[in-house]
Amino acid sequence: MTLVMGVLNVTPDSFSDGGRWASTDAAIAHGLELAAQGADIVDVGGESTRPGATRVAPAEERSRVIPVITELARNGVRISVDTLNADTAAAAIDAGAEIINDVSGGLADPLMAAVAARSERTYIAMHWRGHAQEMGSRAVYDNVVTEVHSELAQRVDVLTKAGVKRSNLVIDPGLGFAKLAEHDWTLLAHLSHFDDLELPVMVGASRKRFVAAVLPAQASVLARDLPTAVISVLATQAGAWAVRVHDVSATRTAFNVLERVAAAGNVCGPVAWSTMES
Ligand code: PMM
């Protein structure tokens with residue numbers, strides 16, 4: 001079954017959780033809560049990547065995430081670190097993180113590939129065309145699916161040549177990053193196009209702007225959690241390795257439905273059903 005990655009943004013300016021978890025203690029408490037709700041992985045980030053966000057100094061980023069990672073790891077929570085910075089990734093690994101989640105796929109920091117290679121941890125390479133300030137103008141594609149595919153394949157090539165083991169790589173189409181809403185929906189509809197790379201695929205749709213298209217105009221950001229859970233189901237049916245979500249309970253509940261239906265199908269398939277009818 002697809003893994004559920006819970007989002008823990010330790011930032012004062014995250015668009016979706018409004019900096020609620022900005023203090024270390026609150027962030028730790030929320031991380032433990034996400035794990036208790038059924039997150040397989042908690043993704044800890046200290047720099048917002050929302051459109052238009054300003055960069056955070058790596059030292060400030062580390063002061064936000066490292067104490068949180070240390071404490072969550074001490075409590076047995078499986079952690080990924082959401083960072084563009086090689087030094088932060090290395091410090092997070094030392095603090096107990098198991099996975100590096102780099103929304104730039106190694107493009108933002110030339111030292112990241114070496115850290116990923118040396119750490120021998122899972123490395124998530126997301127499709128990226130530039131920092132938050134510039135990505136809006138780069139959402140230009142003739143064919144978003146083939147272009148994202150070829151740009152990710154190129155990253156995989158560079159990363160493996162830098163020593164990252166293919167078996168440690170995960171790819172992510174980067175919904176909402178240098179994408180218009182129509183690009184995000186198209187990528188979701190064509191996740192199987194990435195199958196030929198033979199790499200696990202992660203999907204991060206949670207609370208993103210494109211999801212608002214299925215809701216009434218005035219709907220709150222939190223209202224996006226229901227369509228996000230539906231997208232989690234579609235992603236798992238497309239064979240996704242993991243979904244990155246803010247509302248872990250909703251996606252976990254949706255997956256529970258799938259598991260019940262699958263189990264009932266095994267116990268009471270068409271043959272048994274016809275027997276019951278007679
Ligand atoms: N999206 C955000 C942050 N990190 N990481 C991966 N791998 N994929 C994503 O889609 C992704 C990510 C932005 O969302 P947030 O600001 O709500 O955390």
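A salt bridge here is a side-chain nitrogen of Lys or Arg within 4 Å of a carboxyl oxygen of Asp or Glu. Keep that in mind; we will come back to it.

First, the ground rules. This is a predicted model: local features need pLDDT of at least 70, side-chain atom pairs count only at pLDDT 80 or more, and totals for chains, interfaces and linings use all residues. Residues are numbered from 1 along each chain as its sequence is written, and side-chain values use heavy atoms, with hydrogens and water left out.

Now the overall picture. The protein has 9 helices and 8 strands. Both are DSSP runs, numbered from the N terminus: helices are H or I with at least four residues, strands are E with at least two. The radius of gyration is 19 Å, close to the 19 Å that the globule rule gives for 278 residues, so the protein is as compact as a globular protein of that length. That radius is taken over C-alpha atoms, and the rule is 2.2 Å times the number of residues to the power 0.38.

How much of the protein is buried? Buried residues make up 52% of the 278. Buried means under 20% relative accessible area, exposed over 50%, and partly exposed in between, with a 1.4 Å probe and protein chains only.

On to the sheet. Two strands pair if DSSP finds at least two bridges between them. Look at one pair inside. Strand β3 (residues 79-82) and strand β4 (residues 99-102) run parallel, joined by 3 bridges. Valine 81 has isoleucine 100 in β4 as its bridge partner.

Next, helix α3, residues 86-95. Its buried residues are Ala86, Thr88, Ala89, Ala92, Ile93 and Ala95. What covers them? The cover includes α2 (58-74), β3, β4 and α4 (112-119), going by contacts, meaning heavy atoms within 4.5 Å. After α3 comes glycine 96, with a positive phi near 120 degrees.

Back to salt bridges. The structure holds 13. Arginine 244 and aspartate 82 meet in one of them, at 3.2 Å from N to O. Arginine 244 lies in strand β8 (residues 242-245) and aspartate 82 in strand β3, so the pair ties together parts that are 162 residues apart in sequence. Both residues are buried.

Another one links glutamate 147 and arginine 129, with the closest N and O atoms 3.4 Å apart. Glutamate 147 is in helix α5 (residues 144-161), and arginine 129 is in the loop between β5 (122-126) and α5, so this pair ties parts 18 residues apart in sequence. Arginine 129 counts as buried because its relative accessibility is 17%. As for networks, salt bridges that share partners join Asp43, Asp82 and Arg244 into one.

One more pair: arginine 55 and glutamate 47, with the closest N and O atoms 2.4 Å apart. Arginine 55 is partly exposed, at 43% relative accessibility. Glutamate 47 is buried, at 10%.

Last stop, the surface. The accessible surface comes to about 12,400 Å², and 55% of that belongs to carbon and sulfur atoms.

Notes
Areas by Shrake-Rupley, 256 points an atom, 1.4 Å probe, with all protein chains shown as cover.
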